[in-house]
Amino acid sequence: MLESQLFLCYNKFIMIKNVRRNGYLSLCYHYIRPEKKLNLFPKILGNKIDEFHKHIRLLKKNYSIISPDDAWRFSYTDFSLNSKNGLLFTFDDGLSDHYKAAQILADYNIKAFFFIPTCVLMDKLPANPTIIHYCVAAHGLDEFLNTYRNALEKYKINFGEYDIKTGCPKEKIPIIKSIFKYKLKHKISRKILLYIYKNLFFKSHPNALEIMHLNREQVNNILKMGHSIGVHSHSHISIAANNLTTREFQKEVVEPKKYLEKTFNTSVIALSYPFGRKRDCLSPEELTKRTNEYQLAFTVEPVLNTKNTSPFNLGRYIPTSADNEIKLKKILKEISNGIYKK
Ligand SMILES: [Zn+2]
């Protein structure tokens, strides 16, 4: 190859690299668990606090940390990220662990999005997946399944079709999740989960909600720290998979935004789709056809958000409990380069 051809190839490579780099990655955290001796529910999987610190230090070094406002500016103005990829922190489910996480981030001068299912504040009831996590962690899988069967019986639901008998816990958990997410209609699913919650975790822990979720005062303080809040539906249902009626869509997607804005005197511009996979998310066209209340919507598709990404289809990566900072660094690099395989 001639030197001039090599030079052209190199320039092209740099150009491709620059196009790729003009974007941001976003992380979607859930549980941030305390150290061993303070962790009352060691069976709940999540990132440990000391690991979270390591993540932050690594990310600060390798990325340009962006705020929720920057994410909005990236989608709607000519604000760009040329020297380093951006990185946005987000937290789903309004978990009590997020209060500490918000304080840690504030100490590092980082602003994040906290997405809250409004049932935890409006109804003082936990979100659907949080019920499964805490009931199984505190009472074990067998007791969870026994109570589940009692609920099916009480509500006269065809037992056989929804029974979970075979398999080890590792096999049963995904089946349970899938039944509650997709197989049962969302109203029945909610009814059964609330029955399980009231008969298990709430019975054994009268301060259950406080253990599981953020309260109003904590959300207020999170806002005072400079963070932003967003909607994560009302009761944490799959928005796209449930084919919601207009009334249900209002209750799960539109009213939560109005409630958060009024209660906390703040503007709410972002939605994070519960579960966040393709089948759980509306397309940008479908969302904007049903409501114009939002300016940003986040999925959990692990992709780099570029100037070409729709603001209603923003990708995020969920760090798992196995992602130490070395693994996380590798995964994020692969996502940036478009070569990450789930
Ligand atoms: Zn969620």
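## Briefing: a pocket and a zinc site

The largest pocket here comes in at about 1400 Å³. Of its 45 lining residues, Tyr 31, Leu 45, His 133, Ile 173 and Lys 177 sit closest to the centre. Keep in mind that this is a predicted model. There is also a zinc ion, held by Asp 93, His 232 and His 236 as its protein donors.

**The pocket lining**

- Three helices to look at are H6 (128-139), H9 (169-183) and H10 (186-199), each of which supplies at least two lining residues.
- Sorted by class, the lining has 22 nonpolar residues, 14 polar ones and nine charged ones.

**The zinc site**

- The donor atoms are an OD of Asp 93 and the NE2 atoms of His 232 and His 236, at 2.0 to 2.2 Å from the zinc ion.
- Read along the chain, the donors are spaced as D-x138-H-x3-H.
- Asp 93 and His 236 tie together distant parts of the chain, 143 residues apart.
- Asp 93 lies in the loop between strand E5 (86-92) and helix H4 (97-107), while His 236 lies in the loop between strand E7 (228-231) and helix H14 (246-264).

Notes
Residues numbered from 1 in each chain as written. Predicted model: local features only at pLDDT ≥ 70, side-chain atom pairs only at ≥ 80, totals over all residues. Heavy atoms only, no water. Donors = N, O, S within 2.8 Å, 3.2 Å for Na, K, Ca; no water. Helix = DSSP H or I, 4+ residues; strand = E, 2+ residues; numbered from the N terminus. 1 Å grid on protein atoms, 1.4 Å probe; cavity = no way out; pocket = protein on both sides within 12 Å on 5 of 7 lines; lining within 4 Å. Points joined across faces, edges and corners; volume = space filled by probe spheres on them. Nonpolar A, V, L, I, M, F, W, Y, C, P; charged D, E, K, R; others polar.
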